Amino acid sequence: MTDQIETLMKANLHEVFGQRDPALRRAAIERTYTEDVVFLDPDEVVEGWDALDAKAGALLEGAPGFVFSEAGSIYVNHDMGYLAWNLGPEGQPPVVRGVDSCFIRDGRIAKVYTLLLKD
């Protein structure tokens, strides 16, 4: 189960929230999340594939040239994965840092909590 959750956590960060190609992002969404996925961040709560796709697309559109990178190990506890991340111009210090905690159901992510970190 640990390997599966690690794979899902990386897909969430890189293949969905880091993917600028809408068709590739949508394919990753459908294989990574449950249809009723709930995504919660400090700004809003979105539910379902369409809303999550719109959220990721808007985030990337508002941050041209920015890339996500992992900021440490992925931690797994039963049905939960935790991953710290950075966002910023490639090869430069991050502009934003955060963490994702994902809860897994039936082999896919069912709920994502995103926290933004402040220095």
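Reading the salt bridges and loops of a predicted model

Mentor: The count of salt bridges in this predicted model comes to eight, when a side-chain nitrogen of Lys or Arg has to lie within 4 Å of a carboxyl oxygen of Asp or Glu.

Trainee: What makes Arg 26 and Glu 30 a salt bridge?

Mentor: The N to O distance between their side chains is 2.9 Å. The cut-off is 4 Å, so a pair of this kind at that distance is called a salt bridge.

Trainee: Where do Arg 26 and Glu 30 lie?

Mentor: Both are in helix H2, residues 22-32. They are four residues apart, which is about one turn of the helix.

Trainee: Which class does Asp 50 fall into, buried or exposed?

Mentor: The relative accessibility of Asp 50 is 57%.

Trainee: Which residues are linked with Arg 26 in a network of salt bridges?

Mentor: Arg 25, Glu 30, Asp 50 and Asp 53 are linked with Arg 26 in that network.

Trainee: What makes Asp 41 and Lys 55 a salt bridge, and which parts does the pair tie together?

Mentor: The N to O distance is 2.7 Å, against a limit of 4 Å. Asp 41 sits in the loop between strand E1 (33-40) and strand E2 (45-47), while Lys 55 is in helix H3, so the pair ties together parts that are 14 residues apart in sequence. Asp 41 and Lys 55 are both buried, that is, under 20% relative accessible area.

Trainee: What is the phi of His 78, and why mention it?

Mentor: Phi of His 78 is about 55 degrees, a positive value, although His 78 is not a glycine. His 78 lies in the loop between strand E3 (66-77) and strand E4 (80-89). Its relative accessible area is 67%, over the 50% cut-off, so His 78 is exposed.

Trainee: Where is Asp 106, and what is its phi?

Mentor: Asp 106 is in the loop between strand E5 (96-105) and strand E6 (108-117). Its phi is near 55 degrees, again positive in a residue other than glycine. At 74% relative accessibility, Asp 106 is over the 50% cut-off and therefore exposed.

Trainee: How many helices and strands does the chain have, and how compact is the chain?

Mentor: There are three helices and six strands, in the order α-α-β-β-α-β-β-β-β from the N terminus. The radius of gyration is 13 Å, close to the 14 Å that the globule rule gives for 119 residues, so the chain is as compact as a globular protein of that length.

Terms used
Residues are numbered from 1 along each chain as its sequence is written. This is a predicted model: local features need pLDDT of at least 70, side-chain atom pairs count only at pLDDT 80 or more; totals for chains, interfaces and linings use all residues. Side-chain values use heavy atoms; hydrogens and water are left out. Helices (H or I, at least four residues) and strands (E, at least two) are DSSP runs, numbered from the N terminus. The radius of gyration is taken over C-alpha atoms; the globule rule is 2.2 Å times the number of residues to the power 0.38. Buried means under 20% relative accessible area, exposed over 50%, partly exposed in between (1.4 Å probe, protein chains only).
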